[in-house]
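I opened a new notebook page for this structure.

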Amino acid sequence: MAAIVAGGIRIAYRREGRGAQLVLLHGAYEDSRAWSDEFDRLTASVELIAWDAPGCGGSDDVPADWTDRDWADAAASFLTALGLTSPCVAGFSMGSVVALLLARDHPDVVGGLVLVGAYAGWGGSLDPEALAHRMDAARFTIDHPVEEWADDFLDSVFAPGSAPERRARARALLDDWRPATTAALLEVMTLDLRPALPSIRTPTLIVRGAQDRRGPRAAALDLVAALPDARLVEIPNAGHDCTGPELDAVLISAAHGGRPKSSGR
C-alpha cells in the first residue's frame, strides 16, 4: 500500500480507479481491506481512496492524548496531501463519526457525505443503557482474546443471509486489530455530536440497513432531522454492514454529486 504523512503520522491507503473521487473511511475492528468488494466493483465508475485509519492496518498507532479535533485534522490533512478537491466522503460506523468530525471542523475540504450505519457519536445516538452496554462490550475486547467476542460482534454487524465471504473477511480482520486502538477510540466514539450537527451544511446521505442491530432507526432519523441538508436511504434486508448493489448505487451517485431518492425522513 501507498502511504503519506498526515496529521504528523504515517497513514497507509489504497487508491484505484478513475473519475469522480470517493473517499472511504472504514469502521472499527477493520481497515481499508474491508472495502475490497467495493474496489472490485466500483473502480470502473469512480476513483476510490480508502485509508487505514490511525491505529489500523498499515498506519501508525494513534498518538497519545489525541482528541476529536486531532482526528478531524488528520482526515483533512490526508485529503489535502493527496490533492483531493472537495471529494465525497463515505464513512461506515466509526468512519461515520470521523466523517462528521471532518465536516464539522473542515467543511471546505468535503464535497458531500455518505454516512453508513451512522452515529452522532455513541453518546448522541444511543440511550444511556445502550451506551453503557456498548462501552462494556468495547472494553471487553481490549482485555480478552478475539475468540471470546468475535461471533457476538459479527452477529450484531451482519444480518442473517449476509454473504458468508464478507463475514469471513471481517472475521479475519479482527485478528489484525490492535486493542490499543480501541482504547484510543473510546473517547471519540462516546462523543455526543448533536450540538454540532446544525452547523454541518455538507450535503449528506444517511444510509441504514433495515435490519441494523447496532444503530437504532430513531438515531438515523434524528441525524436527518438535525443536519441541514440530509436524506435517509434505507436498504431492505441489510444489517449494520449493508454493502452490495444498493449501496454501490448510492456511492456512485453521491460521488458524482447526485442525490438518490429518500426512503423516509
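Before anything else, I noted how helices and strands are assigned: they are DSSP runs, helices being H or I with at least four residues and strands E with at least two, numbered from the N terminus. Axes are lines fitted to C-alpha atoms, for helices over the stretch in contact, and angles run from 0 to 180 degrees between N-to-C directions. I kept in mind that this is a predicted model, where local features need pLDDT of at least 70 and side-chain atom pairs count only at pLDDT 80 or more, while totals for chains, interfaces and linings use all residues. Residues are numbered from 1 along each chain as its sequence is written, and side-chain values use heavy atoms, with hydrogens and water left out.

**Entry 1: two helices**

I looked up α2 (residues 68–81) and α3 (residues 94–105). Their axes come within 8 Å and cross at roughly 80°. That makes α2 roughly perpendicular to α3. On this scale, under 35 degrees is roughly parallel, over 145 roughly antiparallel, 65 to 115 roughly perpendicular, and the rest oblique.

Next I asked which residues make the contact. From α2 I listed Asp68, Arg69, Trp71, Ala72, Ala75, Ala76 and Leu79. From α3 I listed Val98, Leu101, Leu102, Arg104 and Asp105. Contact here means heavy atoms within 4.5 Å. I sorted the residues of this contact and found 8 nonpolar, no polar and 4 charged. For the sorting, Ala, Val, Leu, Ile, Met, Phe, Trp, Tyr, Cys and Pro count as nonpolar, Asp, Glu, Lys and Arg as charged, and the others, Gly among them, as polar.

**Entry 2: the cores**

A nonpolar core is a set of buried Ala, Val, Leu, Ile, Met, Phe, Trp, Tyr and Cys residues joined through side-chain atoms within 4.5 Å. Buried means under 20% relative accessible area, exposed over 50%, and partly exposed in between (1.4 Å probe, protein chains only).

The largest nonpolar core has 66 residues. Which members touch the most others? I wrote down Trp51, Trp71, Phe78, Val89, Leu100, Leu113 and Ile206. Helix α3 gives the most to this core, with 8 residues. Apart from it lies another core, of 25 residues, including Leu22, Val46, Ile235 and Leu247.

I then followed phenylalanine 78. Beyond four places in sequence, Phe78 touches Ile4, Ala6, Ile11, Tyr13, Val23, Ile49 and Trp51.

Isoleucine 49 sits in strand β4. Is isoleucine 49 buried or exposed? It counts as buried, at 0% relative accessibility. With neighbours within four places set aside, its contacts include Tyr13, Leu22, Val23, Phe78 and Leu84. I also checked isoleucine 49 against glycine 91: they are 42 residues apart in sequence and 12 Å apart, C-alpha to C-alpha.

Leucine 25 belongs to strand β3 (residues 21–25). At 3% relative accessibility, leucine 25 is also buried. From leucine 25 to phenylalanine 92 I counted 67 residues in sequence, yet 6.3 Å in space between C-alpha atoms. Phe92 is among the residues that leucine 25 touches, as are Trp35, Trp51, Val89 and Val98.

**Entry 3: loops**

Serine 86 is in the loop between α2 and β5 (88–92). Its phi is positive, about 45°, although serine 86 is not a glycine. Serine 86 is partly exposed, at 37% relative accessible area.

Serine 93 is in the loop between β5 and α3. Serine 93 has a positive phi of about 55°, again without being a glycine. At 11% relative accessibility, serine 93 is buried.

Alanine 44 lies in the loop between α1 (36–42) and β4 (47–51). Alanine 44 counts as exposed, at 74% relative accessibility. Its C-alpha is 6.9 Å from that of arginine 18, which is 26 residues away along the chain.

**Entry 4: serine 125**

Last, I turned to serine 125, in helix α4 (residues 122–125). At 10% relative accessibility, serine 125 is buried. Its side chain reaches the backbone nitrogen of alanine 120 at 2.8 Å. Outside four places in sequence, serine 125 touches Tyr119, Ala120, Pro216 and Ala219.

Technical notes: Polar contact = N/O pair within 3.5 Å; in protein donor to acceptor, adjacent residues only side chain to side chain.
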